[in-house]
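Here are my notes on the model, as promised.

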Amino acid sequence: ECLLVLDFHEVRHLQSAARMPEVTTDHLDEKQVQLLSEMCILIDENDRKIGADTKKNCHLNSNIDKGLLHRAFSVFIFNSEEKLLLQQRSDAKITFPGCFTNTCCSHPLHTDSELEEKDALGVRRAAQRRLGAELGIPMEQVTPDEMTYLTRIHYKAQSDGVWGEHEIDYILFVQKDVDLNPDPNEIKSHCYVSKEELKEMLGKAKRKELEITPWFSLIAETFLFTWWDNLQNLKQFMDHHKIHRM
């Protein structure tokens, strides 16, 4: 006979493991699964860095429910006609597949260059990297210096029963005509929209005729159109102290 001796902590671990089935990624897109090992920046509710964890762990609802929070950004690119570039997330995306959203949304990584907090330089470097990876925008076409860092929003949203978002999101505005070569693994479609066209899309989303990401919906329903009306005078809206709780 084999006598198995477990201490109290091991028993608790086994009990919790029994309650919490292992999250499998076998059915998910291989390229997107590889990105789950990237290290995101963990923060507290005041956006102070407290550590690092994988993209996978940061986006599991089971961890989000315990308060796990990470740093993110949302880029809004407007062309010379003041139309906003939207993307539709690919069906391969693990969170919010097929949803329409702003130009680019992602995370700075826990690396020296993207941890740089002065003037949000690390976040802006991360945005430049992801604009290239997702939309194929050449690095030299949108530099960190050309991004206007407006403010931060803090939001939480479930994508499905397993995956979700809990982020403090840096809002970055750019007005420039850019060359696009989107990665189909990231982006299903893209388009430039006027204010009126976006309002039509928001109406369709309310009628469940299309889907919009929760962070883009929150920003569109609060600040976006005021900022959009003032693209040539954004300085008045720059607030790097307040974090808007959505």
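1. Two strands pair if DSSP finds at least two bridges between them. On that rule β3 and β8 are a pair: they run parallel, with nine bridges joining them. Within this pairing, Val75 has Leu172 of β8 as its bridge partner. Please keep in mind throughout that the model is predicted.

2. β8 (164-175) also pairs with β7 (148-158). Here the sense is antiparallel, again over nine bridges. Arg152 stands opposite Tyr170 of β8. The two strands make a hairpin, and five residues lie between them.

3. Is β8 enclosed or open to the outside? Eleven of its twelve residues are buried, so the rest of the structure largely encloses β8.

4. The overall tally is as follows. The chain holds nine helices and ten strands. It has 246 residues, and 49% of them count as buried. Take the contacts between residues at least 6 apart in sequence: 69% of them join residues at least 24 apart.

5. The largest nonpolar core has 31 residues. Those that touch the most other members are Phe76, Leu84, Phe173, Leu198, Phe216, Leu224 and Trp228. At least two core residues come from each of β3 (70-78), β4 (84-89), β7, β8, α7 (195-206), α8 (214-222) and α9 (224-229). Apart from this core lies another, of 20 residues, including Val75, Met147, Tyr170 and Ile187.

6. Leaving aside residues up to four places away in sequence, Leu84 touches Phe76, Ile77 and Phe78, along with Thr103. It also touches Cys191, Tyr192 and Val193. Leu198, Phe216, Leu224 and Trp228 complete its contacts.

7. Ser74 sits in strand β3. Its relative accessibility is 0%, which is why Ser74 counts as buried. Beyond four places in sequence, its contacts include Asn102, Cys104, Cys105, Asp169 and Trp215. Tyr170, Ile171 and Leu172 are also among the residues that Ser74 touches. Ser74 and Cys105 are 31 residues apart along the chain, yet their C-alpha atoms are separated by 4.5 Å.

8. Does the length of helix α6 agree or disagree with its residue count? The helix covers residues 121-135, which is 15 residues. At 1.5 Å a residue it should span 21 Å, and its end C-alpha atoms are 21 Å apart, so the two agree. Just after α6, Gly136 has a positive phi of about 70°.

9. Buried residues of α6 include Val123, Ala126, Ala127, Arg130, Leu131 and Leu135. The buried residues of the helix pack against β3, β4, β6 (104-106), α5 (112-115), β8 and β9 (187-193).

10. Last, the voids. The count comes to one cavity of 30 Å³ or more. The largest cavity holds about 230 Å³ of space. Its lining has 21 residues, and Lys55, Arg89, Lys93, Thr95 and His107 lie nearest its centre. α2 (30-35), β6, α6 and β8 each supply at least two of the lining residues.

Notes: Residues numbered from 1 in each chain as written. Predicted model: local features only at pLDDT ≥ 70, side-chain atom pairs only at ≥ 80, totals over all residues. Heavy atoms only, no water. Core = buried A, V, L, I, M, F, W, Y, C linked by side-chain atoms within 4.5 Å. Buried < 20%, exposed > 50% of the residue type's maximum accessible area, 1.4 Å probe, protein only. Helix = DSSP H or I, 4+ residues; strand = E, 2+ residues; numbered from the N terminus. Contact = heavy atoms within 4.5 Å. Expected span 1.5 Å × (residues − 1). 1 Å grid on protein atoms, 1.4 Å probe; cavity = no way out; pocket = protein on both sides within 12 Å on 5 of 7 lines; lining within 4 Å. Points joined across faces, edges and corners; volume = space filled by probe spheres on them.
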